[in-house]
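Trainee: I would like to learn how to read the features of a model like this one. Please give the general idea each time, and then the case at hand.

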Amino acid sequence: MRFEFHGQSEDNERGVASGHNNPDLTPLGVDQALELAERYADIAVDAVYCSDLLRAKRTAEIGFGSRGIPIVEDGRLRECDYGELNGAPVSQVHGHRATYATTPFPAVESYADAAARVAPLLAEIKASHGNATVVIVGHSATYFAVEHLLKGRDLAAMLAEPWVRMPVWVWELDY
């Protein structure tokens, strides 16, 4: 299984944390999705799963839509719901990420809650696709959930680490 981030969104460009807000991709985000298509041009992909938020859906569609690969939208892959902090400055939300490892953002969910909603989907992907290559297009909360669930990494520790966005992460789906 491979993980890809959605391309740059309008909120990313403005320096705000979208959460469950639904901005579209910027022109740079479209270019990033096209680069994703190039990265996978010679890789057999069985299926693509993406968040149902526009920035992830459009990234998946631009990256894989022309190849006839099934693209499955699933709300369980959404970004963490920051509640009243959806759309707040990134420094306000991500600067205190570790605080919300198990404590919910005001009146909504924690990163542990987000991981709990991703877990059954990973089991479904394994049951449906075995060891075939599956790409997930999602958000930072999706990444943290998969890293936690498949590698057993501590959420609070990951959330406290400096953030480094990689072009692609690859995991073996064997939990």
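**Reading the fold and its details**

Mentor: Five strands make up an open sheet of mixed pairing, in the order 4-3-6-1-7. Strand 4 (71-73) and strand 7 (169-170) are the edge strands, each pairing on one side only. Helices (H or I, at least four residues) and strands (E, at least two) are DSSP runs numbered from the N terminus, and two strands pair if DSSP finds at least two bridges between them. The model is predicted, with local features needing pLDDT of at least 70 and side-chain atom pairs counting only at pLDDT 80 or more, while totals for chains, interfaces and linings use all residues. Residues are numbered from 1 along each chain as its sequence is written, and side-chain values use heavy atoms, with hydrogens and water left out.

Trainee: Which strands run parallel to strand 3, and over how many bridges?

Mentor: Strands of a sheet pair through backbone hydrogen bonds, in either a parallel or an antiparallel sense. Strand 3 (residues 47-50) pairs with strand 6 (residues 134-138) in the parallel sense over four bridges. Cys-50 has Val-137 as its bridge partner in strand 6. Strand 3 is also joined to strand 4 by three bridges, again running parallel, and there Val-48 stands opposite Ile-71.

Trainee: How does strand 1 run relative to strand 6, and how relative to strand 7?

Mentor: Strand 1 and strand 6 run parallel and are joined by four bridges. Strand 1 (residues 2-5) and strand 7 run antiparallel, with two bridges between them. Phe-3 has Ile-136 as its bridge partner in strand 6 and stands opposite Trp-169 in strand 7. Arg-2 stands opposite Val-170 in strand 7.

Trainee: Which residues of strand 3 lie on each face, and are they buried or exposed?

Mentor: In a regular strand the side chains alternate between the two faces of the sheet. In strand 3, Ala-47 and Tyr-49 lie on one side and Val-48 and Cys-50 on the other, and all are buried. Buried means under 20% relative accessible area, exposed over 50%, and partly exposed in between (1.4 Å probe, protein chains only).

Trainee: How many aromatic pairs does the structure hold?

Mentor: A pair of aromatic rings is described by the distance of the centres and the angle of the planes. Rings of Phe, Tyr and Trp (its six-membered ring) pair if their centres lie within 6.5 Å; planes under 30 degrees apart count as stacked, over 60 as edge-to-face and the rest as tilted. The structure holds nine such pairs. One of them, Phe-105 with Tyr-111, is edge-to-face, at 6.0 Å centre to centre and 65 degrees between the planes. Phe-105 counts as buried because its relative accessibility is 0%, and Tyr-111 is buried because its relative accessible area is 1%. Ring pairs link Phe-3, Phe-5, Tyr-82, Tyr-100, Phe-105, Tyr-111, Tyr-143 and Phe-144 into a cluster.

Trainee: Which residues lie nearest the centre of the largest pocket?

Mentor: The search uses a 1 Å grid over the protein atoms alone; a pocket is an open set of points where a 1.4 Å probe fits, with protein on both sides within 12 Å along at least five of seven lines, and lining residues have an atom within 4 Å of a point. The largest pocket is lined by 17 residues, with His-6, Asn-12, Glu-79, His-94 and Ser-140 nearest its centre.

Trainee: Where is His-6 found, and is it buried or exposed?

Mentor: His-6 is found in the loop between strand 1 and helix 1 (10-14). His-6 is buried because its relative accessible area is 7%. Contact means heavy atoms within 4.5 Å. Not counting residues up to four places away in sequence, His-6 touches Asn-12, Arg-55, Ala-56, Thr-59, Val-137, Gly-138, His-139 and Arg-165.

Trainee: What is the phi of Ala-107?

Mentor: Most residues other than glycine have a negative phi. Ala-107 has a positive phi of about 70 degrees although it is not a glycine. Ala-107 lies in the loop between helix 4 (90-93) and helix 5 (111-129), and counts as exposed because its relative accessible area is 83%.
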